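Visitor: I would like to look at one helix and ask a few things about it. Please show me the model first.

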Amino acid sequence: MRELLDSLKKCHDTAVGPDDIHYQILEQIPEQSLEVLLDIYNETWNGGDFPSPWRVATIIPIPKAGKNVSDPGNYRPITLTSCICKAFVRMVNIRLVWYLEYHAILTAHQSGFRKHRSTTDQLIKLETIIREGFIKKQHTVGIFFLFRKAYDTTWKYRIFQKTYIMQEFVGICQN
């Protein structure tokens, strides 16, 4: 119940999905109803069967500023999903992040989407490596990837595999 209440506290007053259930409703429902919702969440978690209404979304295309509106590629889709689903996903995310951090599963080099870390950390790390290279009169090589629509068009497992191979390559080069 604590996780559910924490998840609801972190909700923002966003637009509703196709089920028309607002966060304000979830924040105001009595404890008995919260217990029913928690039972649904636990059945979903334990059974692995994601309710089909949570898979439905309303997609609203928003035109990109200064772009030709007649080109479909110049729109940014906004997806409105169920607030009930978003509260559940937030609970799962909190559990997953805790597990990954507690068991030190994530590499120390990853800063994105982690507490107390940011892109700035990576930029400072890169600058430090470059400066150390200058001081030691060594070459510094940087390899950057632009994954435009990578998660829409590529095999996700292969991206992770390539990233792992690159980390191994960098480790070999540093030795």
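Guide: This is a predicted model. Helix α3 covers residues 31-47, 17 residues in total, and at 1.5 Å a residue it should span 24 Å. Its end C-alpha atoms are 24 Å apart, which agrees.

Visitor: Which residues of α3 are buried, and why do they line one face of the helix?
Guide: In α3 the buried residues are L34, L37, L38, Y41 and T44. Seen down the axis of α3, these buried residues fall within an arc of 120 degrees, so they line one face. In general, an α-helix has 3.6 residues a turn, so residues three or four places apart point the same way. The buried residues asked for are L34, L37, L38, Y41 and T44.

Visitor: Which exposed residues does the face of α3 turned away from its buried side carry?
Guide: Exposed means over 50% relative accessible area. On the face of α3 turned away from the buried side, the exposed residues are Q32, E43, N46 and G47.

Visitor: Is I105 buried, partly exposed or exposed?
Guide: I105 lies in the loop between α4 (83-102) and α5 (119-135). With W98, Y99 and Y102, I105 makes a nonpolar surface patch of about 500 Å². Buried means under 20% relative accessible area and exposed over 50%. The relative accessibility of I105 is 47%, so I105 counts as partly exposed.

Key
Residues numbered from 1 in each chain as written. Predicted model: local features only at pLDDT ≥ 70, side-chain atom pairs only at ≥ 80, totals over all residues. Heavy atoms only, no water. Patch = residues over 30% accessible without salt bridge, like charges linked within 9 Å, V, L, I, M, F, W, Y side chains within 5 Å. Areas by Shrake-Rupley, 256 points an atom, 1.4 Å probe, with all protein chains shown as cover. Salt bridge = Lys/Arg side-chain N within 4 Å of Asp/Glu carboxyl O. Helix = DSSP H or I, 4+ residues; strand = E, 2+ residues; numbered from the N terminus. Buried < 20%, exposed > 50% of the residue type's maximum accessible area, 1.4 Å probe, protein only. Expected span 1.5 Å × (residues − 1). Arc of directions from axis to C-beta.
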